[in-house]
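Welcome! Here is a friendly tour of one protein chain, taken a few features at a time. Have a look at the sequence and the model, then read on.

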Amino acid sequence: MYDTMTVYPSGTYVPQREAKFIRSMQTCPHLRALLRHLAIWQSGSQVEEQLQWIRLLPEDTLRILHYFWSHNKPHLSVFDAPAVRTITQLDISGDITPAIAKACLSLPSLQTLCITFYNTASYDCALEVTPSPSLKHLVVIMIYQCSFTYRFLAVCAPQLSTLALLPAVHFMDNPGATVVDTLLACTGQLTEFSLFGWGAWSPARPFMDDLVLRNPALERVCCLEGTYSEQLFQHLPATLRVLELATGVAPYPYERALLDYIARVGEEGLGLRRLCLLMSCIDEEPWAHIAESCKKSGVEFSLDVHRETLYKARGREWCA
């Protein structure tokens, strides 16, 4: 009955549908164990008492929590609730303070975290927390540049197996060496890495050439234009199964290196099974010879609109 529920508490006003649901949780204990997926949208002045019912939910019932807020701060007491302490997936969005980050990373059963940083101010204090060992999948979306995000990445990255990153729009003009250096220094066990964006990384810095070398078990890679060079195709591990490359209009600048790599997939039995080129608009004709090369090597080939992949960053395997 209440497998999935969205609550929109705002100020002292709770809409009728949400009020009815909250009363059910407060007065019907047998219904509390049925809730698996909860979304909370907090805006304006928030009365903490409106969320106290969450503490009534038993542990090991709720699996996924979405918690979004604006113009205020969330209530940390939510993260202490027994049911929230045992969630496996968390999606949060707002001004992420060190206290909030610590509360999230301390959840003992958390496996997947999607976090959107709306931070406009940097927090200079250190992030002193050891993430729960169960955390393996992370999606980070940055609306603005914030040095605290780099420290958050540095804390999480060493234990991750999958990481998706959507940097701030400003990085397209200033690629932010700190993010690059953090990725190169702190990753090593990744099986999936996806870098999304709103355009080419400018000025170009081919750090992906090194990142794939530092993560030899990669099975899926998505690169932004300007983050890799022809050397990438010499460094890709034999474990790689899916490769997504953002590019501008044809001709592709690394076409020869890409065709050589595709040929090696067929000749040497490398693991690649799918190649996708991401672009602003799709025109199949300039890419026909690459498609033919993929067909000969047993690789599925496709074209996709780059902006559509941005919306897949949150939704693929990591956050429902």
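Rings of Phe, Tyr and Trp (its six-membered ring) count as a pair if their centres lie within 6.5 Å; planes under 30 degrees apart are stacked, over 60 edge-to-face, and the rest tilted.

Phe117 sits in strand β5 (residues 112-117) and Phe152 in helix α6 (residues 147-156), so their pair ties together parts that are 35 residues apart in sequence. Phe117 counts as buried because its relative accessibility is 0%, and Phe152 counts as buried because its relative accessibility is 0%.

## How to read the model

This is a predicted model, in which local features need pLDDT of at least 70 and side-chain atom pairs count only at pLDDT 80 or more, while totals for chains, interfaces and linings use all residues. Residues are numbered from 1 along each chain as its sequence is written, and side-chain values use heavy atoms, with hydrogens and water left out.

Tyr67 and Phe79 form a tilted one, 6.1 Å centre to centre with 40° between the planes. Tyr67 belongs to strand β3 and Phe79 to helix α3 (residues 77-80), so the pair ties together parts that are twelve residues apart in sequence.

There is also an aromatic cluster, formed by Tyr228, Phe233, Tyr252, Tyr254 and Tyr261.

## The chain as a whole

The chain has 13 helices and twelve strands; these are DSSP runs, numbered from the N terminus, with helices being H or I of at least four residues and strands E of at least two. Of its 320 residues, 54% are buried. Among contacts (heavy atoms within 4.5 Å) with a separation of 6 or more, 69% are between residues 24 or more positions apart.

Helix α8 (residues 208-214) contains Leu213. Leu213 counts as partly exposed because its relative accessibility is 48%. Between the C-alpha atoms of Leu213 and Gln234 there are 9.7 Å, and the two residues are 21 residues apart along the chain.

## Pocket and cavity

Some terms come first. On a 1 Å grid over the protein atoms alone, a cavity is a set of points where a 1.4 Å probe fits but cannot get out, whereas a pocket is an open set with protein on both sides within 12 Å along at least five of seven lines; lining residues have an atom within 4 Å of a point. The largest pocket has a volume of about 260 Å³. Its lining has 13 residues, with Trp69, Ser70, Ser93, Gly94 and Tyr118 nearest the centre. Strands β3 (64-70) and β4 (89-94) each supply at least two lining residues, and β3 gives the largest share, three residues.

By this rule there is one cavity of 30 Å³ or more. The largest cavity holds about 30 Å³ of space, and its lining consists of Leu51, Gln52, Ile54, Arg55, Ser77 and Val78.

Technical notes:
Grid points are joined across faces, edges and corners, and a volume is the space filled by probe spheres set on the points. Buried means under 20% relative accessible area, exposed over 50%, partly exposed in between (1.4 Å probe, protein chains only).
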